[in-house]
Structures are given as structure tokens and as C-alpha cells.
Amino acid sequence: GQMPSSEQVSTLVTEVRRLQEELPAVAAEARAAGTAARASYAVVAASEASRSSGPFEQAHAALAALLPEDQNVAALAPLARVGAPTRGELRDRFARLDNEIVRAAHQAQAGAGFWGRIQAGLAQWIVIRRAGEGDTPAGVVERAERALAQDNLAGAVEELNRLNGPSKRAAQSWIDDATRRLEIDQRMSLIRTELSRGA
């Protein structure tokens, strides 16, 4: 075999040096791409998990490991421990709750005793049948129902927050659950947006 000329050797050395310089950058890029791919997979998994009604701690832990700096991921931690009902479950529950909210208000307004009870009973039917009630509990419930029918959960929560006293107490656990559902959905959507921007 023929010895390589010094020219070939120096070309080879230059080539090797160039590769040595570039490799870390290439490796870093591959790592970054790999992390991005895993992160987007984790986000998809967490989105799915967070849409169901139970806690989603495992999915959240994967997100947190891949996106340790993300504020929305951090804010999701306490929510992931509890979870929230699905939008469908919230709608179904509200369908059973609406009359209770109105009834609670009327029982509070009506006097005690026999006439009070009759008054509360009558008032309940009269109010439920009379649409467009303004800020009475019945009016609030009616607008909340309309909002829910359009999947406007935030609008429904906003309406129900106008209630006070016994009717507010009747609605409170639903309001809390719906508020958690809204925050989970909002945080997940911000995380998705951030990731797609970074890609």
C-alpha cells in the first residue's frame, strides 16, 4: 500500500477536527429534539389524563420531569392531586342541582310554619316557570343553564357566583369543582401552546 501524502493527512486531520467540533452541537441538537418529542408526548398524555375526572399525578410527574421550569406545570401540581369532574359530569350534576339552588333560596325567604311551607312550595313553582328573572336565584340558574348548554363553563361559574346565602351554599361544591376543571383545562392549553411555539 502507498503511504498517504502529507496533503491527504492534513485534510484528514482537518476533517476529524471539524467533526470533533461539530459533534457536541449535533449531539445537543439530537438531545434537544429527543426531549422535545418526549415533552410533547408527555403533554398529550397529561392532556388526556387531565380530561378524565380523577387525579392525574403520574401524568403530571412526567410533565414536571420534562418541563421543570414551566410555571403552568408547577401550578397544575395541586390540581393533579385532586383532579376535577369532566365537563359532561358537571353538566349532569347541574341538571340535578338547579332546583335545589332555587328551593334553598325560597325556603330561606319564606317564613316558618304551615303557611311558610306552602308559600315556599308555591314560590318554587311560580319562580321556575317565570323566565328572565334578573338576579334572583331562578334567573341566575337559568342563565347558568344556558351557558352550560353552550359549553361555556366559565360563564356558568360567573353566574352562580352572584348567588348568596343558602342558594350559594347549595351551589358551592359545584362551583369549586367547575373552577378546578376550568383551571386544569386552561393550564393544559397554555402548556400546549408554549410547546408548539418552542418547537
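Reader: With which residues is Ser47 in contact, leaving aside its neighbours within four places in sequence?

Author: This is a predicted model, in which local features need pLDDT of at least 70 and side-chain atom pairs count only at pLDDT 80 or more, while totals for chains, interfaces and linings use all residues. Residues are numbered from 1 along each chain as its sequence is written, and side-chain values use heavy atoms, with hydrogens and water left out. Ser47 has its place in helix α1 (residues 6-51), where helices (H or I, at least four residues) and strands (E, at least two) are DSSP runs numbered from the N terminus. Taking contact to mean heavy atoms within 4.5 Å, and leaving aside neighbours within four places in sequence, Ser47 is in contact with Met188 and Arg192.

Reader: Is Ser47 buried or exposed?

Author: Buried means under 20% relative accessible area and exposed over 50%, with partly exposed in between, for a 1.4 Å probe and protein chains only. Ser47 has a relative accessible area of 4%, and it is therefore buried.

Reader: How far apart in space are Glu145 and Ala95, C-alpha to C-alpha?

Author: Glu145 is found in helix α6 and is partly exposed, with a relative accessible area of 32%. Not counting residues up to four places away in sequence, Glu145 touches Phe94 and Asp98. Although Glu145 and Ala95 are 50 residues apart in sequence, their C-alpha to C-alpha distance in space is 8.2 Å.

Reader: Are helices α2 and α3 roughly parallel or roughly antiparallel to each other?

Author: Axes are lines fitted to C-alpha atoms, for helices over the stretch in contact, and angles run from 0 to 180 degrees between N-to-C directions. Angles under 35 degrees count as roughly parallel, over 145 as roughly antiparallel, 65 to 115 as roughly perpendicular and the rest as oblique. Helix α2 (residues 57-66) and helix α3 (residues 71-82) pack at about 165°, with their axes 9 Å apart. The two helices are therefore roughly antiparallel.
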